[in-house]
Amino acid sequence: MGAQPLMRIENLVKHFHVRLGAFGERAATVHALDDITFDILDGETLSLVGESGCGKSTTGFTLLNLHKATHGKVIYQGKNIVELDEKAMRPYRRQLQIVFQDPYSTLNPRMTIGEAVGEPILFHKLATKAELKDGIATLLADVGLPPRFASRYPHELSGGQRQRVAIARALACQPKFIVCDEAISALDVSVQAQIINLLLDLQQKYGLTYLFIAHDLAVVRHISDRVGVMYLGRLAELTSREELFDNPLHPYTKALLSAVPEADPAHERSRKRQVLQGDVPSPLSPPSGCRFHTRCPVAMDVCSKVVPEWREALPGHHVACHAVTEGISGTGGLPG
Amino acid sequence: MTKTNTSERLLDVKGLTIEIETRNGPATIVDGIDLHVNKGETLGVVGESGCGKSLTMLSLMRLLPNKIRVTKGTAHFAGRDLQTMSNSELRKVRGGEVGFVFQDPMTSLNPVMRIGQQLAEPLIYHRGMNKAQARKRAGELLKLVGIPGAEDRLDAYPHELSGGMRQRVMIAIGLACNPQLLIADEPTTALDVTIQAQIVDLVKELRDRLGMSIVWITHDLALIAGLVDRVAVLYAGTVVEDAPVDDLFARPAHPYTQGLLASIPKLSDERASRLSSIGGTPPEPGRRPKGCPFAPRCPLAEAICHDKVPVLESLVSAGAHRVACFVAQRKLEAA
Amino acid sequence: MTVVPMATTDIKEEPPVSLWRDAWFRLRRNRLAVFGLGVVVLLAFTALFGPYLTPFDFLSQNLDARNMPPSLTHLFGTDDLGRDVFSRVIFGTRTAFLVAIVVTAIAVVIGVTLGALAGFFGGWLDRVVMWLTDMTMSIPNLLLVVVINASLKSPISSWMESRYLATLNPFYRETIWVDFLLVFGSMALISWPPYARLVRAQVLSIRSRPYITAAQALGLTNRIILMRYVVPNALGPLIVAVSAGLGTAMVLESAFSFLGVGVNPPTPSWGNMISDGLRVWQHYPHLLAAPAAVLGLASVAFSFLGDGLNDALNPRGAK
Ligand SMILES: Nc1ncnc2c1ncn2[C@@H]1O[C@H](COP(=O)(O)OP(=O)(O)OP(=O)(O)O)[C@@H](O)[C@H]1O
Ligand SMILES: Nc1ncnc2c1ncn2[C@@H]1O[C@H](COP(=O)(O)OP(=O)(O)O)[C@@H](O)[C@H]1O
Ligand code: SF4
Ligand code: SF4
Ligand SMILES: [Mg+2]
Ligand SMILES: [Mg+2]
């Protein structure tokens, strides 16, 4: 793993302004992303996990400048790319790609697979028209599809095949960095493993960096170098995958891990889960202080008043929680 | 539990075949499914999307959409034939003796009706309660499924509830008339892991308290590991393996089940090691291969597999463990 | 171990089908749509070649055979000048198609351009276009057309007349083109707003589809996204609207002719034939029945075809 940061995300904020009520009479703000800071290292797979609506996709979209950031910086190659306009952004677009959850709706139904994969090649002038056919065939081969698929339409492909096409399309740009937004969540179990293997192979072959957004912790544990846990628009914890799964510090991470079922009947039957009570609060009016305090089993008075600081509690282990902070100041360090 | 005879079977489906009209004539979607649920038993039905899980369950209640028909097979509930019973009798079974929980709680709840009314409806219809009684019972049901402030929530509309709460309401509706059998079609697929854990624990607790049978449909093997007694694995519209849950996880016999279990990432895996995966994709309905439906993807396939269809058989040596695979059957016989 | 032979029917591999081929397949299964298509094709053929096949010239008068009822020589009878009604109806088909196609084409060009720009770029452009659309739609159509025709027709004719006298260029004698120009122009002017609204709504919904975001993520320009992603996907509903719009334009033209602001005699149009026939329908019902029936048939055929296309292009639960 290269230790150089590929991208630095500093105090990134994304608010959506929406209108509520039957006639849109009430203006409101969705706090989709509030003040998140982290690095993405060159060549790593960084995963983001968390419950639906916690801001994982918004993070991916905002750091690719597909949503305009409300505040904050995304430093890539020495430039803050979130303040660039579409035109200035174009050279970076090629290097920064995204693969979406639903491979059906992200392919133009009127374009053949060949056209869809060839388009970015021609647009970014990565090959001449004469070389195009070979280029498409190579890309399709990279993602494990036979060349005859070039003349097919998306509706003639299965879900897994479409996701392969979406990956081929991202690869066509010869990117450095790919956001995989729930890229395997919509696929069948037996096909998921194929796509995970494909992503791993491509990472090795082309030295790619992934931001892997997912909610399946078993998959995340399998492919990540580091994992970030999000809750209601904020990062709760971010560290290496070993550290996160063996030594979770944040109460929310602990609850999340305990909710994941294991494929082992005896273990599952005897297991005592720490089940969280209640639902995720609305991002329209997030709780004050620590956003997890309404469901946190170890919440203290300070939690509802003061936003816990995002700090490096242990080397390479970031967490935002008052209890963790106090635990450390009380004992002079947590066991590693 | 392992020894079954027909009399204690609550639900008994034999050779159920479902076809759909296509432009090329009828195509088989569900091909001779054999399933049964014993009294007090929880059955997990596992299979990938499109393998026919939902249609099988809908067909039991004669709720199939247009152009899709049952062409062969029988289905009995508590000894009564579901296919031939009169409509009025069937209506008593639907929502009365058999409760349903659907996959998507938003689209299966009526968006313009208060949840209290939706809960009261089956009570008034099946139990002959009056409005006041039904409302009181509806409040109890909401409390049963763990909705905080249950009585106040009776007048809420579905969109005012979160996804997890809506699914709890769906479960409450399914349970309204104390059914003998609850059929839950991917009841947690649309939910988050922490909410999913809440729902699984809730259903477990309700089952132990009310003593009903459950059919839990899912594509997630790990999810049902701690919940069910027996698992039926579906592939391309047929049951390929049917075994007690511990047996299935410890000794999966069918190559498809083996592949499925192997493709779940394990705690012990190296980071970024290759997962074992099943090549190819499931056949589309109507394009099922000749012979064993899994043959084109099967690492163990032999000549006979491309020619003949293996039958789901229970082998003496394997007890209640049934499998539809030539190779697995041979191995079990030899053992 | 028991082995049963393969029971399910073996369905052979189909070649890949495009969305349009799929739609064509679905259309063919819809009987009403096939009927509509058949009639439209027949009428289009008549419009193209009919005038060469008619038994009589549509202008040739036979004052000995006036107001004759239908017979073998004159299938639809003759009118008050002894002209063959069948030939006139056939020639009227050409007028009807000409009007319908040109009017719809102009309306579609205006409507699609304004609608697509408004939907894609939004903001003030959207507001201006929508205001224009609402304005146009709020003025009573017939009133607008009558006013345009009444106020422009005579000045243009007299200007043409004076040009002819000055230049002796025969072009200026062809007042029939002025007729058509005015009819087409004013009809197109009231026909574009529905297309603009439809396309704007389509574009608004397509603009939020994930594949548009995916295209933006590839760095493609707005022009490419509009041309290759938005417009082709908005085409289906537009085709439906155009098909129905052609029928509407024919009816509209007849209504104008009926009011005396449409195509002028002696050029046969179904509208002015209906208006002539209406005056004498108690005595010579065939003079009204023949053009009215054909107009009705055409209008119904176009709307069946439109409905059929709608179903064919919007497969519910497409695979
Ligand atoms: N375009 C938008 N307008 C308004 N609110 C939005 C928009 N996009 C996202 N949000 C809101 O921002 C929050 C974060 O959304 P996001 O899509 O990032 O969640 P997520 O973690 O990816 O969830 P999921 O797993 O459901 O995809 C949610 O509350 C969502 O409703
Ligand atoms: N209304 C329908 N019309 C056409 N095909 C359908 C319909 N419902 C289901 N199918 C098809 O039937 C097969 C099985 O569907 P289903 O029982 O819903 O599967 P599952 O619940 O396992 O996802 C799938 O191939 C699906 O596409
Ligand atoms: S800050 Fe307080 S409420 Fe938040 S996670 Fe830590 S202990 Fe719980
Ligand atoms: S019958 Fe043959 S093809 Fe089918 S699963 Fe068994 S070994 Fe594989
Ligand atoms: Mg998302
Ligand atoms: Mg289903």
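**Rings, ligands and strands: asking why**

Modeller: Let's open with the rings: Tyr231(A), Tyr252(A) and Phe292(A) are joined into a cluster by ring pairs.

Colleague: What makes two rings a pair?

Modeller: Rings of Phe, Tyr and Trp (for Trp, its six-membered ring) pair if their centres lie within 6.5 Å; planes under 30 degrees apart are stacked, over 60 edge-to-face, and the rest tilted. Before we go on: this is a predicted model, where local features need pLDDT of at least 70, side-chain atom pairs count only at pLDDT 80 or more, and totals for chains, interfaces and linings use all residues. Residues are numbered from 1 along each chain as its sequence is written, chains are lettered from A and ligands numbered from 1 in the order in which they are written, and side-chain values use heavy atoms, with hydrogens and water left out.

Colleague: How many aromatic pairs does the rule give over all chains?

Modeller: It gives 13.

Colleague: Why is the pair of Phe97(C) and Phe302(C) tilted?

Modeller: The ring centres are 6.2 Å apart, so they pair, and the planes meet at 50°, so the pair is tilted. This pair also links distant parts of the chain: Phe97(C) is in helix α3 (residues 85-121) of chain C and Phe302(C) in helix α10 (residues 285-313) of chain C, 205 residues apart. Helices here are DSSP runs (H or I, at least four residues), strands are too (E, at least two), and both are numbered from the N terminus. Phe97(C) and Phe302(C) are both buried.

Colleague: What makes Arg152(A) lie over the face of Phe149(A)?

Modeller: A charge sits over a ring if NZ of Lys or CZ of Arg is within 6 Å of the ring centre and within 35 degrees of the ring normal. Arg152(A) is 4.6 Å from the ring centre of Phe149(A), and Arg221(A) is 5.5 Å from that of Phe245(A).

Colleague: How far is the side chain of Ser54(B) from ligand 2?

Modeller: An N or O atom in that side chain of Ser54(B) is 2.4 Å from an oxygen atom of ligand 2. A backbone N or O atom of Leu55(B) is 2.7 Å from an oxygen atom of ligand 2.

Colleague: Last one: what makes β1 and β4 of chain A paired strands?

Modeller: Two strands pair if DSSP finds at least two bridges between them. Five bridges join β1 (residues 5-20) to β4 (residues 71-76) in chain A, running antiparallel, so they pair.

Note on methods. Buried < 20%, exposed > 50% of the residue type's maximum accessible area, 1.4 Å probe, protein only. Polar contact = N/O pair within 3.5 Å; in protein donor to acceptor, adjacent residues only side chain to side chain.
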